[in-house]
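Biologist: Hi! Could you walk me through this one?
Modeller: Happy to, here it comes.

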Amino acid sequence: MISKKILYLLIALGFSVQLYPQKTKVVHLSGTDAANTVEWDFYCTDGQNSKKWSKIAVPSNWELQGFGTYNYGHDWKNKDKKLGLEHGLYKHTFTVPENWKGKTINIVFDGSMTDTKVKINGKSAGTTHQGGFTRFKYDISKLLKYGQTNLLEVDVAKQSENESINRAERQADFWIFGGIYRPVFLEILPKIHVTRAAIDAKADGALKVLIAVNNPKLNYSVTVHLYDLKGNKIHTEHLGYLKKGNSEEIFSTKFNNIKSWNPEWPTLYDITFELKHENSVLHEVTKRIGFRTIELRQHDGFYINEEKVIFKGVNRHSFWPETGRSLSEENHLEDIRLMKEMNMNAVRMSHYVPDKRFLELCDSLGIFVLNEVTGWQDGYDTLVGPKMIKEVVLKDENHPSVIIWAHGNEGGWNFANEKWIHYWDIQKRPVIYPWLLRNGVDTSHYPEYNYATGRLVSGIDPFMATELLHGLYDGG
């Protein structure tokens with residue numbers, strides 16, 4: 001027979017599953033930004049300090065750390081073979097506790113330039129990731145040695161084997177760097193978990209959320225909790241069920257007395273979703289959101305929360321002279337402070353998606369973001385384009401600051417890929433094409449005064465000079 005003490009312990013453990021549900025855990029293998037790095041072993045195949053093992057700060061661009069060759073985007077015109085030969089080889093060891101066995105462990109790269117091959121303990125983590133500006137991940141659960149030291153090896157090629165990526169990302173009017181320049185971390189998830197929580201939160205409190213799970217072999221229920229940023233619970237509700245065999249479901253509800261998000265009053269909330277099977281909470285996912293409604297009214301303009309808005313802003317590169325595209329908290333804050341001081345309300349991500357942290361600060365400080373799929377003056381092909389777009393949308397879909405998707409720059413698009421933005425984005429945000437009249441928005445670069453005023457006054461579509469005054473070396 002089971003003693004009373006053991007029985008009480010079992011009951012207590014049962015309650016603890018419900019009271020303390022499993023949350024996603026993040027463990028960084030690199031530093032968190034350019035000001036907080038971790039040294040990894042490094043070998044550069046060409047250029048400065050090449051052909052020998054040494055140390056490098058991660059995240060970083062290797063040129064700014066004294067390795068390889070500095071290349072500007074137009075170097076491709078010179079057919080510089082060294083650019084194609086330059087690789088960075090990384091090694092790093094890490095330990096994994098025994099009690100992670102049975103969980104799902106993903107290794108996540110927030111940005112690596114550009115083609116990236118990953119091995120864990122000598123075995124490939126998956127297919128080579130192509131594209132230098134998007135987040136990617138691999139499930140490495142079966143490759144890990146639990147309770148032991150593990151070896152991570154990464155091979156980063158400065159150029160891509162996919163020519164459309166080189167044309168879209170590397171043959172551009174900006175510096176081409178190599179390296180793991182954004183954080184690398186482990187994502188530890190319970191065996192059964194939520195793989196996606198895509199949220200559409202309107203200004204009137206209406207909520208639509210897509211919940212996806214990794215294992216559709218059971219029946220699940222979903223509960224939502226809404227909190228203000230002081231931790232006060234505003235609402236709790238059982239949303240419904242994910243029936244056996246369905247890997248995803250869309251749920252809807254409406255919250256009362258919600259304060260909407262806008263740049264003047266960037267009110268945010270924390271929303272938590274609990275995935276349950278019978279009485280056990282299997283996984284708990286929390287997102288920070290803002291309630292706002294975006295409309296593009298035909299022949300009229302953009303409306304946010306029923307109010308027409310004029311975008312006043314800048315184009316922003318993710319760049320700092322001392323660290324390249326690897327940025328710090330202070331770099332992000334300095335840019336946003338400058339925008340605010342100039343009474344601006346918007347920023348275009350020219351010409352690629354930014355750091356996650358920059359968008360979090362735009363959410364909290366109040367800046368409209370035009371988030372851009374990379375494409376300098378040429379677009380991705382239909383093989384890699386859908387993958388790039390999926391990675392862009394899934395990383396940034398829940399930021400209230402992101403109110404428009406820009407599909408490439410100055411011809412840097414492939415119309416055949418546009419459908420994937422609409423497919424993945426649950427909010428169906430407007431899609432614009434900088435320097436093209438399409439989807440009801442008339443954009444232009446460096447318009448002459450009479451041209452711009454004529455389009456504003458006499459044009460039938462909302463007009464936006466997506467580039468106007470040029471701050472680069474060429475005096476444009």
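This is a predicted model: local features need pLDDT of at least 70, side-chain atom pairs count only at pLDDT 80 or more; totals for chains, interfaces and linings use all residues.

Biologist: Which strand pairs with strand 20 over seven bridges?
Modeller: That's strand 17, residues 220–227, and the pairing is antiparallel. Two strands count as paired if DSSP finds at least two bridges between them.

Biologist: And what order do the strands of that open sheet have?
Modeller: The order is 18-17-20-21, four strands with antiparallel pairing. Strand 18 (233–242) and strand 21 are the edge strands, each pairing on one side only.

Biologist: How many bridges join strand 20 to strand 21?
Modeller: Nine, between residues 269–277 and residues 280–289. Tyr 269 stands opposite Ile 289 there. The hairpin has two residues between the strands, and Glu 278 takes a positive phi near 55 degrees.

Biologist: What is the mean pLDDT of the chain?
Modeller: The mean is 93, and 92% of the residues reach 70 or more; pLDDT is the predictor's confidence in each residue, from 0 to 100.

Biologist: Where does pLDDT stay under 50?
Modeller: Over residues 6–19, for which the model has six contacts beyond four places in sequence. Contact means heavy atoms within 4.5 Å.

Biologist: Now, which residues of helix 5 are buried?
Modeller: In helix 5 (residues 356–365) they are Phe 358, Leu 359, Leu 361, Cys 362 and Asp 363. Buried is under 20% relative accessible area, exposed over 50%, partly exposed in between, using a 1.4 Å probe and protein chains only. Their packing partners include helix 4 (329–341) and helix 6 (385–396).

Biologist: Last one: how many salt bridges does the structure hold?
Modeller: It holds 29, each a side-chain nitrogen of Lys or Arg within 4 Å of a carboxyl oxygen of Asp or Glu. One of them joins Lys 51 and Asp 46, with the closest N and O atoms 3.9 Å apart. Lys 51 is exposed at 54%, while Asp 46 is buried at 14%.

Technical notes
Residues are numbered from 1 along each chain as its sequence is written. Side-chain values use heavy atoms; hydrogens and water are left out.
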